[in-house]
Amino acid sequence: MRPLTLPRLRIQVAHWPRRALVLTDTPDPDCPACEGDGGTEYPYGDYDTGEYAGSDWDPCGCWNEDRRWTLLPLPHRPRWMRRRRRHADPWATEPPF
């Protein structure tokens with residue numbers, strides 16, 4: 001049996017529902033089940049053709065994706081700092097050479 005480890009925390013910027021700094025948990029890098037990825041991804045195929053149709057993700061027990069705490073809401077950018085596109089890109093119609 002493995003000893004209980006402390007959460008491995010990191011700071012991230014979340015963009016939903018509003019920009020904020022959040023403290024999140026990360027997967028256990030020494031986990032034998034997921035090898036530090038936080039889960040297992042497995043591809044699946046179409047039942048009729050057998051061709052690749054996508055991938056599913058099974059989260060590991062060493063990590064909880066929903067474990068996060070909001071530290072600081074970030075302010076919205078002022079209107080004058082937002083990017084504005086008034087005219088089209090002149091190079092968008094020509095192929096890159």
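Biologist: Where is proline 17 found, and which residue does a cis peptide bond join to this proline?

Modeller: Keep in mind that this is a predicted model. Proline 17 sits in the loop between strand 1 (8-14) and strand 2 (20-26). Most peptide bonds are trans. Here the bond is cis, with omega at about -5°, and the partner of proline 17 is tryptophan 16.

Biologist: Okay, on to threonine 26: is this residue buried or exposed, and what is threonine 26 in contact with, leaving aside its neighbours within four places in sequence?

Modeller: Threonine 26 belongs to strand 2. Its relative accessibility is 16%, and buried means under 20%, so threonine 26 counts as buried. Leaving aside neighbours within four places in sequence, its contacts are Arg8, Arg10 and Trp63.

Biologist: What is phi of glutamate 35 near, and is this residue buried or exposed?

Modeller: Glutamate 35 lies in the loop between strand 2 and strand 3 (39-45). Most residues other than glycine have a negative phi. Glutamate 35 has a positive one, near 55°. Its relative accessible area is 64%, and the cut-off is over 50%, so glutamate 35 is exposed.

Biologist: Last one: how does leucine 72 count in terms of accessibility, and which residues make a nonpolar surface patch with it?

Modeller: Leucine 72 has its place in strand 5 (residues 68-73). At 45% relative accessibility, it falls between the 20% and 50% cut-offs, so leucine 72 counts as partly exposed. The patch covers about 290 Å², and Leu72 makes it together with Ile11 and Leu71.

How values were computed
Residues are numbered from 1 along each chain as its sequence is written. This is a predicted model: local features need pLDDT of at least 70, side-chain atom pairs count only at pLDDT 80 or more; totals for chains, interfaces and linings use all residues. Side-chain values use heavy atoms; hydrogens and water are left out. Patches are made of residues with over 30% relative accessible area and no salt bridge: like charges are joined within 9 Å, nonpolar side chains (Val, Leu, Ile, Met, Phe, Trp, Tyr) within 5 Å. Accessible areas come from the Shrake-Rupley method with a 1.4 Å probe; for residues, only the protein chains shown count as cover. A salt bridge is a side-chain nitrogen of Lys or Arg within 4 Å of a carboxyl oxygen of Asp or Glu. Helices (H or I, at least four residues) and strands (E, at least two) are DSSP runs, numbered from the N terminus. Buried means under 20% relative accessible area, exposed over 50%, partly exposed in between (1.4 Å probe, protein chains only). Contact means heavy atoms within 4.5 Å.
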